[in-house]
Amino acid sequence: MRRLVALSLAMAAIAPGASVAQDPDLPPPPPSLLDFSNAQDRMTVPVSIGKSGPFHFVVDTGAQRTVISRELAGTLGLTPGKNVRLTAMTGTADVATVMIPEISVSTLGGTSIEAPSLESRNLGAPGMIGLDALQGHALLIDFGKQVMTVRPSVKRRKSISAAPGEVVVRAKDLFGQLVVTDAAYRGRKVRVILDTGSGITMGNMALKRRVGGGAKKVRPISLWGVTGALMTADYTQIDKVDFAGITFSHLPVAFSDAEPFRRFGLTDQPALLLGMDALRLFERVSIDFPNREVRLAVSHDWVAGAGYSPLRSYPVRQ
């Protein structure tokens, strides 16, 4: 993701029309494996399970369920639960669950949940916090400080005004996920789900058809998901996406009608799962779930062609 205009954010507030630039000459990677499970580009929060921990879990705003690694569940002696059908980026699978008697995120009080258990080598972390543990809370991602925090949210009657250098987006709730609606490609609406659990931005095939000639050369790429399954996608850069009054230029996207698009009923209308590669272009991202509000502060370093390249940060699984 990226933007184009030269704008001095050190002194000016972000305004509609601001943009951040990605190197347009950087080609997509060659056919290889991009690993959804690697936590390198997804910051973590401390999680306690009962009196054990803290363990460093990834926060996944694109997932409805919290997931724990089988290894950690075994170490803690958690009681097995029933099998469930799990929808992941690479498809659906029947997986076992365990009963977590009490799980606490950061300093917030604990609750009991039934969590699917997956192999840690596929998760890239001891576990992933989903929306079932985030309801009633707000998530703050500070990329400048490399810190992610979860705090209680207070339901408000009206939105608080944007701070200098900040954009506020009202969002729509869909199956517990926040769908940001004020995104567009060439004036046509694109549905967006913020997905902190993925290191790569995904687009559905309806968006690929809409983009048409606005995409760079398309290359096939294989993606490794949290269940250990593989999928293929068409990897490219699209010319621009307007998001919250900011233009992302030369946005790297992997196109596929991945299972989450089907789950959310988003196969027929252009949609994006905005991953951490794109979110890292902001200095801070705040997601307030009860108030359905997203706040974005653009990083000074990425304004006017700073040359940030999320493509270079993707781990390759051999």
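The model is a predicted one, so to speak of local features takes a pLDDT of at least 70 and side-chain atom pairs count only at pLDDT 80 or more, while totals for chains, interfaces and linings use all residues. Residues are numbered from 1 along each chain as its sequence is written, and side-chain values use heavy atoms, with hydrogens and water left out.

E259 is found in helix α4 (residues 259-263); helices (H or I, at least four residues) and strands (E, at least two) are DSSP runs, numbered from the N terminus. Leaving aside neighbours within four places in sequence, E259 is in contact (heavy atoms within 4.5 Å) with T87, A88, M89, G91 and T92.

Now for the chain as a whole. The count of secondary structure elements is five helices and 23 strands. Of the 318 residues, 55% are buried. Among contacts with a separation of 6 or more, 69% are between residues 24 or more positions apart.

The mean pLDDT (the predictor's confidence in each residue, from 0 to 100) is 76, and 79% of the residues reach 70 or more. Helix α1 (residues 70-76) has the highest confidence, at 95, and strand β1 (residues 18-20) the lowest, at a mean of 40. Over residues 1-40 the pLDDT is below 50, although this stretch has 155 contacts in the model beyond near neighbours in sequence. Residues 302-318 also stay under 50, with 66 contacts beyond four places in sequence. Where pLDDT is low, the predicted coordinates should not be read in detail.

On to the inside of the model. A nonpolar core here is a set of buried Ala, Val, Leu, Ile, Met, Phe, Trp, Tyr and Cys residues joined through side-chain atoms within 4.5 Å. The largest one has 60 residues, and I49, I68, I129 and F243 have the most contacts inside it. Strand β20 (residues 246-255) gives the largest share of this core, five residues. Another core, of 18 residues, lies apart from it and includes L174, V179, L223 and A258. Beyond four places in sequence, the contacts of I49 are F55, F57, I68, L72, L76, L78, I100, E102 and I103.

Aromatic rings come next. Rings of Phe, Tyr and Trp (its six-membered ring) pair if their centres lie within 6.5 Å, with planes under 30 degrees apart counted as stacked, over 60 as edge-to-face and the rest as tilted. By this rule there are two aromatic pairs. The ring centres of F248 and F282 are 5.8 Å apart and the planes are at 70°, so this pair is edge-to-face. It links distant parts of the chain, since F248 is in strand β20 and F282 in strand β22, 34 residues apart. F248 and F282 are both buried, and together with F243 they form one aromatic cluster.

Strand β21 (residues 271-274) is covered on both faces: A271 and L273 on one side and L272 and L274 on the other are all buried. In a regular strand the side chains alternate between the two faces of the sheet. Strands pair if DSSP finds at least two bridges between them. Strand β16 (residues 188-194) runs parallel to β21, with four bridges, and V192 has L272 as its bridge partner there. Strand β17 (residues 202-203) runs antiparallel to β21, with two bridges, and L272 is also the bridge partner of G203.

N291 sits in the loop between β22 (282-288) and β23 (293-298) and is buried, at 3% relative accessible area. The peptide bond from G53 to P54 is cis, with omega near 10°. Phi is positive at Q146, near 55°, and at R186, near 50°. Q146 is partly exposed, at 44% relative accessibility, whereas R186 is exposed, at 54%.

Methods:
Buried means under 20% relative accessible area, exposed over 50%, partly exposed in between (1.4 Å probe, protein chains only).
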